[in-house]
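Welcome! Take a moment to look over the sequence and the 3D view, and then we will walk through them together.

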2 protein chains.
Amino acid sequence: MNNFVYYNPTKIIFGVDTTNKVGKEAKNYGKRVLMILGQGSIKKIGLYDKVINILKEEGLEIFELEGVKPNPRVDLVRKGIKIVKENNIDLLLAVGGGSVIDTAKAIAAGLSYDGDVWDLFKYRKPIKPTIPIGVILTLAATGSEMNGNAVISNLETQEKLAISSSYLYPKFSILDPKNTITVPLNHTLYGIVDILSHVFEQYFDKTDGAVLQDRFAEAIVKTVIETTPKLIENPEDINARSIILWCGTNALNGIIGVGKEHDWASHAIEHAISAIYDISHGLGLAIIFPHWMKYVIDAIPHKFAQFARNVWNIEGKENFELGLKGIDRLIEFYESIGVPTKLSKIGIGEEKLEEMAEKATIFGPIGTVKKLDKNDVLNILKMSL
Amino acid sequence: MNNFVYYNPTKIIFGVDTTNKVGKEAKNYGKRVLMILGQGSIKKIGLYDKVINILKEEGLEIFELEGVKPNPRVDLVRKGIKIVKENNIDLLLAVGGGSVIDTAKAIAAGLSYDGDVWDLFKYRKPIKPTIPIGVILTLAATGSEMNGNAVISNLETQEKLAISSSYLYPKFSILDPKNTITVPLNHTLYGIVDILSHVFEQYFDKTDGAVLQDRFAEAIVKTVIETTPKLIENPEDINARSIILWCGTNALNGIIGVGKEHDWASHAIEHAISAIYDISHGLGLAIIFPHWMKYVIDAIPHKFAQFARNVWNIEGKENFELGLKGIDRLIEFYESIGVPTKLSKIGIGEEKLEEMAEKATIFGPIGTVKKLDKNDVLNILKMSL
């Protein structure tokens, strides 16, 4: 296991009706709140009115930035920065899923930087202390509610890039499973794939000896696999929603990844796909991950064998062979919950594979299990067709 | 699963030679550092000189409070409060195990209270914001390095009581496995029992639906069971030391216990034993816990069956019967690593059982799986003879 620093100061407020606590929490940071919002689904479910009323009851002044899309755009981030500066905002309150939270983080990061916010992503400029962020999460998937990472797209340059800073941890995140109950089934499932993919990026790496982290990772995968069919059977099962919600947070709050190398090549490949085709992130990951696994298994067959044994309870003597069976079980699981694992099934052909491979490796080779260059990525994309 | 708030702002600095980072960390909190120390073992292993040199290199002024014993005493806490007040200390630096850290926390708690510090324990007075605490941990066991709890003994009144506050989280904790490598084998093993017992207090409860927390708890238990024999075979195995160290922290940093009811009766019983006989906390827990399990299993047989299945990989149709087998496997494990599970084996007879039972229930019935009154505790103690 490698040395590490673990510091995660986000206050999690978890459970049914905890949304009611947003007023008192927000008030700790000042009077003027900028709500960052998606494309209106929270209005349909009544969450918008509810939050507005709670904030007003505490005497807070509310500003709004609406219209965050999946694969959130840097244009809207720039607009948000302008609003904050013009109105002396005290707190950014993200009400939504990963895109909304990441937009809030990018606004916060941009605020304490003199140049254009995209420089922080493209040239990896250092991020400085900035305005506090609060979250009301509405989708189990991102993990962004309890970490300092954000991913933003630039449609102009067709890039999708990430930043990370300890200054971008939300001060508080409200995880009320009631707010996830109306998420349509397909998006619930893409969220679940996203959660599993976050685990895989940290689990399948070359670090040995991080035993507890691996057992924790397997704990999340097993919990998700056990709970997902219950959610499909009854999408309003509040306890199943709670379990998945908490899995999502723990998949990317650092606890399963400390002291490990991680890989993250599959995410880079998926970002290249969704930068071009604007598909759901989780869907892209369901397609890429199993093929990435098959492409790199020979580098760490013992890890894949461990996955097969500890998650799927299958036995075998030969690591490589057993590992392949584990990957097949994952593919079967995705297919069984109705999530496709081939590009062709969502209408993507070979036309732009080259461009995707180029984009995914724009900063050089990606991943750590195997260093993947453009040609490797192209191979994985072809396997995914 | 119950609603919960999870907020754990301790910065963990983990790994070989991270002790070297104490100077820069300590400096963030001021110039005048009070080191809280045990009974000299850190001098024998050279850690004392090392830390002093690192702190001096950063220009820090060092004060000392030596002599913290296992089952730390309130007398020394009072002495520490006096030193802090007289010398305008900026940071408490606990260098040691749970007793040393808990002493630092009790000093911090007492500092911001006007009356005698024992009032905070005995009358559960509210704890206020106070001086920062830093930690260099030297024993895998307590979990105190990443939570806001402290347990202190009062020999005068023969009481051992706990406090808990979000103001008592260490600002930073340095977890350098090298500092645990010279811990004698018996104390290493008592530490391991302590870790497992922390898990059990949270795992065996009446809350249903906290699936991920239960899988996380099982992850710690399985990791400890797998790693302990390696440590017995080679106590200088630095990776095994690292794994156990990280298990100890995660067993009591909240991550496995959020949204659950917990029990903590076994700890209360053990505290009553070690308040009278001054035995090692872990040893007392190894003796009490299996008998507590047998006494309460009929209230939650499904949880004990889950323990048998998921931790020990044994199967069975009938929960109660299967659960009993799981408990027996735990007893076998303790005996196999040379830790006794009977009071008689450490020379404690039935003379003071009544007094222990009285002490353990001084505030009324204990536990949640079953509410245990004095008579129940007496029964468990008799089973433990």
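## A first look at chain A

Chain A has 15 helices and 8 strands; helices (H or I, at least four residues) and strands (E, at least two) are DSSP runs, numbered from the N terminus. This is a predicted model, in which local features need pLDDT of at least 70 and side-chain atom pairs count only at pLDDT 80 or more, while totals for chains, interfaces and linings use all residues. Residues are numbered from 1 along each chain as its sequence is written, and chains are lettered from A and ligands numbered from 1 in the order in which they are written.

The C-alpha trace of chain A spans about 65 × 45 × 45 Å along its principal axes. A compact globule of 385 residues would have a radius of gyration near 21 Å, and the 20 Å of chain A agrees with that; the radius is taken over C-alpha atoms, and the globule rule is 2.2 Å times the number of residues to the power 0.38. Of the 385 residues in chain A, 55% are buried. Here a residue is buried if 20 or more other C-beta atoms lie within 10 Å of its own, exposed if 12 or fewer, and partly exposed in between, with C-beta atoms placed from the backbone.

## Two chains, one axis

How does chain A relate to chain B?

## Where the chains touch

Between the chains, 35 residues of chain A are in contact with 35 residues of chain B, where contact means that the C-beta atoms, placed from the backbone, lie within 7 Å. Strand S1 (4–14), helix H8 (211–233) and helix H9 (238–251) of chain A each supply at least two residues of the side that touches chain B. That side has 19 nonpolar, 12 polar and 4 charged residues; Ala, Val, Leu, Ile, Met, Phe, Trp, Tyr, Cys and Pro count as nonpolar, Asp, Glu, Lys and Arg as charged, and the others, Gly among them, as polar.

S1(A) and strand S1 (residues 4–14) of chain B pair in the antiparallel sense over 7 bridges; strands pair if DSSP finds at least two bridges between them. In S1(B), B:Phe4 is the bridge partner of A:Phe14.

Next comes A:Thr180, in the loop between strand S8 (172–175) and helix H7 (185–203) of chain A. Is A:Thr180 buried or exposed? A:Thr180 counts as buried because it has 25 C-beta neighbours inside 10 Å. Beyond its neighbours within four places in sequence, A:Thr180 is in contact with A:Thr138, A:Leu139, A:Ala140, A:Arg241 and A:Leu245.

Terms used: Two residues are in contact if their C-beta atoms, placed from the backbone, lie within 7 Å.
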